[in-house]
Amino acid sequence: MNKKLPEYLLGKFQLLGTVTFSVLFAVVFFNIYLPFSQTAWFNLDNARSFKLTLLFFAASVLILSLSKVCVYKLKNRINFTYIGYIMWCAAEILLCCCLYTFMTDHFAMPGVEKVTEVFGRSLIFGAISLAIPELIASMYFAINDKNNTIRLMNYDNVVTDAPIAPLTKQQISLFDNSGA
């Protein structure tokens, strides 16, 4: 766990892909989860709920995007380890859950539930909606990197510093129009 994090998880494309996949996964997850929830306030029916829902998702995307930009900018200064990257992603989830708790307690459903209950529930669903896509994206990029490595290992015309072996003489047969 204290091994250095592979470069393929810290590239610009990978970080952008992770944010994009996480957002899409979260939108799908909440659309599936909302009809079964009695306490979630996400709603697109009335204007106030729509604005709060839109504000929450926009702020969450901003948190995730800024976090990944920070990872990209700091990757050459900090040697990210697996445990460090996991803690960084956990901090992203924690920030989004704090935002949800704040918005629930102050705007969406003030005083309906205890803040600790709202925060605990948001941690569960935040972990599901953000940790799972992070894990899936990481596995995808790991498999993609392994495939590229295998492809390069099977490549025959690799440039080396080794001297070129002399070619064996090859004979080419030429025939005229009479077949001789």
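Analyst: Happy to. Buried means under 20% relative accessible area, exposed means over 50%, and partly exposed is in between. Bear in mind that this is a predicted model.

User: Why is Phe-56 called buried?

Analyst: Its relative accessible area is 6%, and the cut-off is under 20%, so Phe-56 counts as buried.

User: What makes Phe-57 partly exposed?

Analyst: Phe-57 has a relative accessible area of 21%.

User: Why is the pair of Phe-56 and Phe-57 called edge-to-face?

Analyst: Their ring centres are 5.7 Å apart, with the planes at 75 degrees. Rings pair if their centres lie within 6.5 Å, and planes over 60 degrees apart count as edge-to-face, so this pair is edge-to-face.

User: And why is the pair of Tyr-33 and Phe-125 called tilted?

Analyst: Here the centres are 4.3 Å apart and the planes stand at 35 degrees. Stacked needs under 30 degrees and edge-to-face over 60, so the pair is tilted. It joins distant parts of the chain, with Tyr-33 in helix H1 and Phe-125 in helix H4, 92 residues apart. Both belong to a cluster linked by ring pairs, which also includes Phe-29, Phe-30 and Tyr-100.

User: How do you know that the length of H3 agrees with its number of residues?

Analyst: At 1.5 Å a residue, its 27 residues should span 39 Å, and the end C-alpha atoms lie 37 Å apart, so the two agree. Among the buried residues of H3 are Tyr-85, Cys-89 and Tyr-100, and their cover includes H1, H2 and helix H4.

Technical notes
Residues numbered from 1 in each chain as written. Predicted model: local features only at pLDDT ≥ 70, side-chain atom pairs only at ≥ 80, totals over all residues. Heavy atoms only, no water. Helix = DSSP H or I, 4+ residues; strand = E, 2+ residues; numbered from the N terminus. Expected span 1.5 Å × (residues − 1). Buried < 20%, exposed > 50% of the residue type's maximum accessible area, 1.4 Å probe, protein only. Contact = heavy atoms within 4.5 Å. Phe/Tyr/Trp six-rings, centres within 6.5 Å; stacked < 30°, edge-to-face > 60°.
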